[in-house]
Every structure is written in C-alpha cells, then in structure tokens.
Amino acid sequence: MTCPLCKNQESTSFIGINDILFWKCPSCYLIYKDQSFHPTPNEEELRYNHHHNNSECEGYVDSLNQALEPSRNYIDKHMVGLDFGCGPEPVLAKMLEETSAECYHYDPIFFPELPDERLDFVISTETFEHFSHPSQELNLITSLLIPSGILTVMTHRWKDDTNLADWWYMRDQTHVCFFHDKTFEYICKKYGFSTEYDDGDKVIILRKIIAWEK
Ligand SMILES: [Zn+2]
C-alpha cells in the first residue's frame, strides 16, 4: 500500500479498533485508515455538526487555548493568518481576533473559500487526523504561508508504546490518519519547516524556513 504522505510503498496492515483495517508506513510512521473505512462526505458532515463546538462550550475553548497560547509567542497584531479546518463555527479565529491578529477561517465542508493572500500563520486544530490526502493538504498549507510563516498543528500523536488495538483517538469514525513524532520530522524535511515548539503530545509549532514551491 502506498503511504498517502510520503509515497513509500511498503506500508504494513493491521486490524485495529472495531475491526478496522489500518496501514502503517515504515518510513514516515503515518498510520492511516484503509480507504474502504473512510466516512462518506455525508457521514462526515453529520459528525461535525454533532460536535456542537462553539464559543459557549468551555471544554472546546480550553482545548483550542492549548494550541493558541503557545502560538501567541509567534503572532503579533500586524499579522494575518488562517484557521485551517475550523468546522461549522470559526471559534478560534474569533478568539484570536479579540486580542491580536486578523484571522481568516477555512473548512473544506463549511467554509470552502481560501483567502487569496499569503499568510503569516496557519493554525490547524483537530484537523490533520481528518486528512484523506495528507500530502495534498500539506502542499496547500505550505503554499499558503509566507517564508518564515508559522504553522501550529494540534492532533494527538501516537507513540511507540500506544496500544494501537485500543487507542481512543482511533475510535472516531472521521479520524483517518495518525501522526508520530517521526511523521513531523518527515514533514519538516519534506516541506521545509523547523520545529519552534513541541508539547510532546499534541501541539507542535513549525516555522517555514525555506522558500518552497510545489
Ligand atoms: Zn509514509
């Protein structure tokens, strides 16, 4: 099976939670769900609408803050950024605009229009695990950023000691790919980023260090 991120062709399969077929790439360590188990676009939309994530939901705001707080060290008032994969309500963009920078929002289902200017930063929370085509999404994100632009990603990473037969993060039907520390090492190398901050678990902040063209 060909890895949808690094294109290595030697992924090995395993049966995970709920008898779902997963693949693991030996090169970039991405774990991805077999296409036959991916949700349909309808199922995806239903699921996101049921998330009920909005600014009144305290748990959700707390969770966004875990990505936003460390990102603030790299963002100032004059910058323009994007909340990539905001879901049905652009909560993070609002939180950011209340105190600092201008922030667009984008979501392939709910707000499919991208800004037509290059961005100082992109923040993507609980989105990378939904990517069916991670190499395409990373091409897109990288092309949106100015050189030296900042990319914050929040997605739970799997570890060498994660029990892949019973990991809660794999239980969500719409979660289709799972990143490891080594996956981010690959992303940095391939797309020209360096790591600025890493909480060791789910929030990582990267800086684009080279001019990169598709
Ligand atoms: Zn790979």
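Modeller: The term denotes a side-chain nitrogen of Lys or Arg within 4 Å of a carboxyl oxygen of Asp or Glu. Strands (E, at least two residues) and helices (H or I, at least four) are DSSP runs numbered from the N terminus. The model is predicted: local features need pLDDT of at least 70 and side-chain atom pairs count only at pLDDT 80 or more, while totals for chains, interfaces and linings use all residues. Residues are numbered from 1 along each chain as its sequence is written, and side-chain values use heavy atoms, with hydrogens and water left out.

Biologist: What is the general idea behind such a pairing?

Modeller: Side chains of opposite charge can pair when their charged atoms come close.

Biologist: How many salt bridges does the structure hold?

Modeller: It holds 8. Among them, K94 pairs with E89, the closest N and O atoms being 3.2 Å apart. K94 has a relative accessible area of 42%, and E89 has 22%. D166 and R171 form another, at 3.2 Å from N to O. D166 is partly exposed at 45%, as is R171 at 48%.

Biologist: Which residues are linked in a network of salt bridges?

Modeller: The network links R157, K159, D181, D198 and D199.

Biologist: How should I read a cavity?

Modeller: On a 1 Å grid over the protein atoms alone, a cavity is a set of points where a 1.4 Å probe fits but cannot get out; lining residues have an atom within 4 Å of a point. This structure holds 1 cavity of 30 Å³ or more.

Biologist: Which residues line the largest cavity?

Modeller: The lining consists of Y60, L64, D83, C86, E89, P90, V91, L92 and T125. Helix 2 (58-71) and helix 3 (91-99) are the elements that give two or more residues to this lining.

Technical notes: 1 Å grid on protein atoms, 1.4 Å probe; cavity = no way out; pocket = protein on both sides within 12 Å on 5 of 7 lines; lining within 4 Å. Points joined across faces, edges and corners; volume = space filled by probe spheres on them. Buried < 20%, exposed > 50% of the residue type's maximum accessible area, 1.4 Å probe, protein only.
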